[in-house]
Amino acid sequence: TYMKTLMAAPTKSSVPEKPKFKIAAHSSEATCVRYDNFGKSLATCGGDHLVKIWDPSTGKEMARFKDFLKPVMCLDYNLEGNLLCAGSVDKTVKVLDLNTQRTRTSFTGHSDTVNALSVLLSSPKIVSGSSDRTIKLWDYEKGQIVSTTNYHSGIFSMDLEQDDKLLITGHNNGTQIIRSLSKFTKIKEFKDLHKEVITSVCISRGSHY
């Protein structure tokens, strides 16, 4: 179930008993929340077609992007935290510059909703997954597509291993696939993990599971 309100918890080693504050982040469902790699910036997106940037220490809005025609589904920061990438129901992948607060690049090529994306740490590239059953690799410095890989089902979630070698994807038929990112060759496929769509996948920081 999606929520319209973002809840920030105190940063303690123990489980917090109550949230530090609540943010009325979006007028419709909040579809994704992401911290940058330094914990200094918090990004949200939602069904109201907006991407917002927050100060996680105060809960105050620092910036917003209105460049999407339809709901925004997924977000990810680059390593430095100055760029935020977003995928939308409008079929675009956009690179948002947090310094200028403008869209730096807008990629088109998917024929359906962009449900998931991840920004590589080792190079200026984005990998995106869509309901159109494709995964695309984009170079955001050159502003061009690098490759397209076809799947047998729609992609609704993904995560990258920390060294950018493995890509794990969750699909609308309950299947999970692990692939080599360099050649997009399939390493392992887990069928029927869920009866319906896999909405989220995550690789542990040590890449053990």
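L137 lies in strand β13 (residues 134-139) of this predicted model. Strands (E, at least two residues) and helices (H or I, at least four) are DSSP runs, numbered from the N terminus. At 8% relative accessibility, L137 counts as buried. Buried means under 20% relative accessible area, exposed means over 50%, and partly exposed is in between, with a 1.4 Å probe and protein chains only.

Residues are numbered from 1 along each chain as its sequence is written.

**Around L137**

- L137 touches L120, K125, I126, V127, I145, V146, S147 and F184, leaving aside residues up to four places away in sequence. Contact here means heavy atoms within 4.5 Å.
- L137 and D36 are 101 residues apart along the chain. Their C-alpha atoms are separated by 21 Å.
- F184, one of the residues that L137 touches, sits in the loop between β17 (176-180) and β18 (186-190).
- F184 is buried, at 8% relative accessibility.

**The whole chain**

- The chain has 18 strands and 0 helices.
- Its radius of gyration is 17 Å, close to the 17 Å that the globule rule gives for 209 residues, so the chain is as compact as a globular protein of that length. The radius is taken over C-alpha atoms, and the rule is 2.2 Å times the number of residues to the power 0.38.
- The C-alpha atoms fill a box of roughly 45 × 40 × 30 Å, taken along the principal axes.
- Of the 209 residues, 49% count as buried.

**Surface and charge**

- The accessible surface comes to about 11300 Å². Carbon and sulfur atoms hold 48% of that surface. Areas come from the Shrake-Rupley method with a 1.4 Å probe; for residues, only the protein chains shown count as cover.
- The chain has 28 positive and 22 negative charges. Their mean positions are 2 Å apart.
- Lys and Arg count as positive and Asp and Glu as negative; His and the chain ends are not counted. Each charge is placed at NZ of Lys, CZ of Arg, CG of Asp or CD of Glu.

**Two nonpolar cores**

- A nonpolar core is a set of buried Ala, Val, Leu, Ile, Met, Phe, Trp, Tyr and Cys residues joined through side-chain atoms within 4.5 Å.
- The largest core has 15 residues. V51, I53, L75 and L84 touch the most other members.
- Five strands each supply at least two residues of this core: β4 (42-46), β5 (51-54), β6 (61-65), β7 (72-77) and β8 (83-88). The largest share, 3 residues, comes from β7.
- L75 touches C32, R34, A43, T44, C45, V51, L84, C85, A86 and L117, not counting residues up to four places away in sequence.
- A second, separate core has 13 residues. Among them are L137, Y151, I155 and M158.

**Positive phi values**

- Most residues other than glycine have a negative phi.
- Phi of H49 is near 75 degrees, a positive value in a residue other than glycine. H49 is found in the loop between β4 and β5. H49 is partly exposed, with a relative accessible area of 28%.
- Phi of F184 is also positive, near 60 degrees.

- F156 lies in strand β15 (residues 155-160). F156 is partly exposed, at 27% relative accessibility.
- F156 touches N115, A116, S131, G170, N172, V197, I198 and T199, again leaving out residues up to four places away in sequence.
- F156 and L137 are 19 residues apart in sequence and 16 Å apart in space, C-alpha to C-alpha.
- L42 lies in strand β4. L42 is buried, at 4% relative accessibility.
- L42 and V72 are 30 residues apart in sequence. In space they are 16 Å apart, C-alpha to C-alpha.
- T100 is in the loop between β9 (93-97) and β10 (102-107). At 48% relative accessibility, T100 counts as partly exposed.
- T100 and A63 are 37 residues apart in sequence and 10 Å apart in space, C-alpha to C-alpha.

Note on methods: Predicted model: local features only at pLDDT ≥ 70, side-chain atom pairs only at ≥ 80, totals over all residues. Heavy atoms only, no water.
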